[in-house]
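Please look over the model below before reading my points.

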Amino acid sequence: EARDWRSEQVPVVSGLVIDFLLPDSTKETKKFVRRPLGIDFYKTRPISMKRVQAGSHGKELGIQPGWQVVAVNGEDVAAKEFDYTYRLLRNLAAQLPQQPAEYLAAEIGTKG
């Protein structure tokens, strides 16, 4: 029996999925689809959010200071060294499309 290759599911890696551990010990999963991410973090293990820039993609997603990065695209990074996780985040973020600043301003501005 011949297989129809068009019906097969091909995994597509699009976006950057980060699992965060929150201060109340719950977890949140957020998917970034463009850059800049707009997040600053401490050089800790696991990486902890320092601040989230106003009007950024990170702010849109509801990221909060104090959240810790525990997984990146399904890979557990809670015990990984800062440099490893930072490189992973940087490399994956670099593959995201860049959001032009003027588009963001238009998106945030009032319509009418």
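This is a predicted model: local features need pLDDT of at least 70, side-chain atom pairs count only at pLDDT 80 or more; totals for chains, interfaces and linings use all residues.

1. Look at the step from Arg-35 to Pro-36. The peptide bond joining Arg-35 and Pro-36 is cis, and omega is about 5°. Pro-36 sits in a loop. That loop runs between strand E2 (27–32) and strand E3 (39–42).

2. Pro-46 belongs to the loop between E3 and strand E4 (48–52).

3. **Positive phi at Ser-25.** Ser-25 is not a glycine, yet its phi is positive, at about 70°. Where is Ser-25? Ser-25 lies in the loop between strand E1 (16–21) and E2. Is Ser-25 buried or exposed? Its relative accessible area is 61%, so Ser-25 counts as exposed, the cut-off being over 50%.

4. **Positive phi at Asn-73.** Asn-73 has a positive phi too, of about 50°, and is not a glycine. Its place is the loop between strand E5 (68–72) and strand E6 (75–76). Asn-73 has a relative accessible area of 33%, which makes it partly exposed.

5. **Salt bridges in total.** How many salt bridges does the structure hold? The count is four.

6. **Lys-30 with Glu-28.** These two residues form a salt bridge, with the closest N and O atoms 3.4 Å apart. Lys-30 has 17% relative accessibility, so Lys-30 counts as buried, the cut-off being under 20%. Glu-28, at 30%, is partly exposed.

7. **Asp-40 with Arg-51.** In this salt bridge the closest N and O atoms are 3.0 Å apart. Asp-40 is in strand E3 and Arg-51 is in strand E4, so the pair ties together parts eleven residues apart in sequence. Both partners are partly exposed: Asp-40 has 23% relative accessibility, and Arg-51 has a relative accessible area of 47%.

8. **Glu-81 with Arg-45.** The side chains of Glu-81 and Arg-45 meet in a salt bridge at 2.5 Å, N to O. Glu-81 lies in the loop between E6 and helix H2 (82–94), and Arg-45 in the loop between E3 and E4, so this pair ties together parts that are 36 residues apart in sequence. Arg-45 is partly exposed, at 48% relative accessible area.

Definitions and conventions: Residues are numbered from 1 along each chain as its sequence is written. Side-chain values use heavy atoms; hydrogens and water are left out. Helices (H or I, at least four residues) and strands (E, at least two) are DSSP runs, numbered from the N terminus. Buried means under 20% relative accessible area, exposed over 50%, partly exposed in between (1.4 Å probe, protein chains only).
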